[in-house]
Amino acid sequence: MCEKELQIKNLKDKINENFNLTAKDKTLVDKILSYDLNIDRLSVITRLIIDTKLDKASLIAFLCYQLYKVYPDDAELLCKNITKEEQAMVEDYKTIKDINQLTVSEEIEDIRRMFLVMSNDMRVVMIKLAGIYYDISVLKLPLNEDEWRFVKQVEEVHVPLAERLGLDKLKQNLYDNVIRLEHPSEYNRLKETIESKREENEQQLEITKAKLQAILDDLKIDGEIVSRIKHVSSIFNKLHNKKLTLDQIYDILAMRVIVDTVEECYAVLGRIHSIYKPITGRVKDYIANPKPNGYKSLHTTIIVENQHPLEVQIRTKQMHRESEFGGVCAHWLYKEKKDKKSDFDNRLTWFRQTIENAKNMSNEDFIETLKSDLYDGVIIVQTPKGRVIEFPEGATAIDFAYAIHTDIGNSCVGAKINGVMKPITTLLCNGDIVEILTSSHSKGPSRDWLKYVKTSGARSKIKSFFKSELKEENIRLGKSMLLQSIQDKGFTSNQLFTEDYIKEILKRYNMDDIDELYASIGSGSMTSGQVASRFIALYNNDHLILPKQDNVVKLKRNKDGVLVDGDSGMLVRFAGCCSPIEGDDIIGYISRGKGVTVHRSNCPNLKYLEPERLINATWLVKEGTTFPATIRVTANKADNNIAKLTNLITSLKINIKGFDAKDVGDTFVCSLRIEVKNKGELDSAINSIKNIKNVTNVQRSEKW
């Protein structure tokens, strides 16, 4: 048996082992594999279909399409009796058959979007990406111009797309091959380094994982531990993007501990530092100080048994979900340095969650989810120059015109859709190429257009046009309405229209002058009663009758945990500048429009406040109430400073809510954010820390 025959036999065995084929299916597979096809390619992609839990329909459709590419006439005849589902998938393959010929340009996001919108079934997209992985994996240097263009497209289109879809292994394999071809010498050097230590590293991960599990068991924490060895491409990126050397990359080995609560995160961190030495400057508290993209986690890099660094990330399940699937800290937004999440990103987040949850879903549920159209209810259309724009179903050429530019929308008189003249109210269809016709003599939009537009953007721009056109009328009407509302509330314009009040109101609504305020009321954007109430609130705050000096504000918590004045119902809040806690001597300050702000009596900011607004205050809080406080610790630099501190606080049964540590020369400086019941508990914690060896100073800090 020759090598190819053996490959075909092995492929058939793998298919029969993993799929419940009918006799008709087996006959079809046998006939397709009897043709002169690329068996290596079929084997690689079949393995992905199996590994990702795709179904028999995915396999049959894939094999039929592979035959169609080489022998289209035979495929039409041989595959005519497959199921409707399989036929639909084959048609999707045909639709995206030229994806490798797409031109890489500045509109990279458009290409990714078109890649997805071309298919109604995400199984097709997954298998297509696997095919792209095979195509790049077999490339060998030197490459011709077309091959280099393909490599660049994989880097800019398919690698980010695979990452956003949650296909992490496929993404890493794609990107590893990009680095292999673009930077062969460095790729080979890094690969040899990783491979030479792979067995040692895998053994170390097992040892550390066992110790971390023992920590969880001892703390009675139900958590999850995962580990990984960094890929060549990830190491390459860090070396170049952050200008590091290989010795400066501390997360080649990494572990992640996922627990339920923030308190458990800090408890685990303390225990880890009690058995492993952390690297100075590599303890990062992104829980108390999240990254700009919202990412939260505790990071520490420790020296493990093989004397190499290993990064440990500790986070709650909620933090993990937000990091992996979106929210304000979507991972890919951080990596690609984008400003905000688009609808496209939101759709991919849904798919990414599906991939992650596959292990907890039945095969039937998983496949049914993948069969959903990622772009259901959405249409994608293009400009003549190839710009791609997304609209909801039911959008018209008017929506398209305003999506291009407001002036285009205001002056549009018609549209060419796929080269054919159409009315401006024509509904758009998926894949349409739209050109808007404009005229300098256009009188602007018609109010009837509001009946045809689907997007809020087009609707607001049309309304804005009429608002601007009728501005003078709106100013007169708005002024009359506001004066009437003020009179109805028992006030006069002379009382309320002071220079300071007008300035404050305009600032609040982000307006330049009072005519703009009148015009907004007259056009219906704001209500006269709403604006009148704002003026009256400013007037009342300035004419507030202050309580006498001997009045006392009694503090208590309601069921929502909100601090309120026990007698008058006035809103009461704590000053952030001094963070008072029960047991502190306190004083209240009556703020304009913000109720009573409670300060510590020795707060340095009191000297800047108006003395006539200060009132006495006392404590009246429920049992179990806690308050935030910050302790600043200075110590001589020594091993395990972090572990000693965190373990001590944990042993006192005080929750840690934030942690920041750094070395300054020979000195270790740490700020601990904790929750305490009262000043006595805080003083006890400070005294306990003073007894730690090498600690030179401990004091309460004014703020975090």
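Colleague: How many salt bridges does the structure hold?

Modeller: The structure holds 22 salt bridges, where a salt bridge is a side-chain nitrogen of Lys or Arg within 4 Å of a carboxyl oxygen of Asp or Glu. This is a predicted model, in which local features need pLDDT of at least 70 and side-chain atom pairs count only at pLDDT 80 or more, while totals for chains, interfaces and linings use all residues. Residues are numbered from 1 along each chain as its sequence is written, and side-chain values use heavy atoms, with hydrogens and water left out.

Colleague: Which residue forms a salt bridge with Arg-41?

Modeller: Arg-41 pairs with Asp-135, and the closest N and O atoms are 3.2 Å apart. Because Arg-41 belongs to helix 3 and Asp-135 to helix 8 (residues 122–137), this bridge ties together parts that are 94 residues apart in sequence. Helices here are DSSP runs of H or I with at least four residues, strands are runs of E with at least two, and both are numbered from the N terminus. Arg-41 counts as buried, at 11% relative accessibility; buried means under 20% relative accessible area, exposed over 50%, and partly exposed in between, with a 1.4 Å probe and protein chains only.

Colleague: Where do Glu-182 and Lys-152 lie?

Modeller: Glu-182 lies in helix 10 (residues 168–182) and Lys-152 in helix 9 (residues 145–164), so their bridge joins parts that are 30 residues apart in sequence. The N to O distance in this salt bridge is 3.9 Å. Glu-182 is partly exposed at 23%, and Lys-152 is also partly exposed, at 34% relative accessibility.

Colleague: What is the N to O distance between Lys-317 and Asp-260?

Modeller: The side chains of Lys-317 and Asp-260 meet at 3.1 Å, N to O. Since Lys-317 is in helix 15 (residues 317–325) and Asp-260 in the loop between strand 2 (253–259) and helix 14, the pair ties together parts 57 residues apart in sequence. Lys-317 is partly exposed at 36% relative accessibility, and Asp-260 is partly exposed with a relative accessible area of 40%. Elsewhere, a network of salt bridges links Asp-55, Glu-85 and Arg-123.

Colleague: How many aromatic pairs are there?

Modeller: Rings of Phe, Tyr and Trp (its six-membered ring) pair if their centres lie within 6.5 Å, and planes under 30 degrees apart count as stacked, over 60 as edge-to-face and the rest as tilted. By this rule the count comes to seven aromatic pairs. One of them is the tilted pair of Tyr-35 and Tyr-71, with 5.1 Å centre to centre and 45° between the planes. This pair links distant parts of the chain, 36 residues apart, with Tyr-35 in the loop between helix 2 (23–33) and helix 3 (39–51) and Tyr-71 in the loop between helix 4 (56–70) and helix 5 (72–78). Tyr-35 is partly exposed at 23%, and Tyr-71 is partly exposed at 29% relative accessibility.

Phe-497 and Phe-535 form a tilted pair as well, at 5.2 Å centre to centre and 45° between the planes. Phe-497 sits in the loop between helix 23 (493–496) and helix 24 (499–508) and Phe-535 in helix 26 (residues 528–542), so the pair ties together parts 38 residues apart in sequence. Phe-497 is partly exposed, with a relative accessible area of 22%, whereas Phe-535 is buried at 1%. Tyr-65, Tyr-68 and Tyr-93 form one aromatic cluster.

Colleague: Which residues of helix 27 are buried?

Modeller: An α-helix has 3.6 residues a turn, so residues three or four places apart point the same way. In helix 27 (residues 641–651), the buried residues are Asn-641, Ile-642, Ala-643, Leu-645, Thr-646, Leu-648 and Ile-649. What covers them, with contact meaning heavy atoms within 4.5 Å, includes strand 18 (627–636), strand 19 (655–664) and helix 28 (679–690). Just after helix 27, Lys-653 takes a positive phi of about 60°.

Colleague: Which residues line the largest cavity?

Modeller: A cavity is a set of points on a 1 Å grid over the protein atoms alone where a 1.4 Å probe fits but cannot get out, and lining residues have an atom within 4 Å of a point. The largest cavity is lined by Val-633, Ala-635, Asn-641, Lys-644, Leu-645, Phe-668, Ile-692 and Val-695. Helix 27 gives the largest share of this lining, three residues.

Methods:
On a 1 Å grid over the protein atoms alone, a cavity is a set of points where a 1.4 Å probe fits but cannot get out, and a pocket is an open set with protein on both sides within 12 Å along at least five of seven lines; lining residues have an atom within 4 Å of a point.
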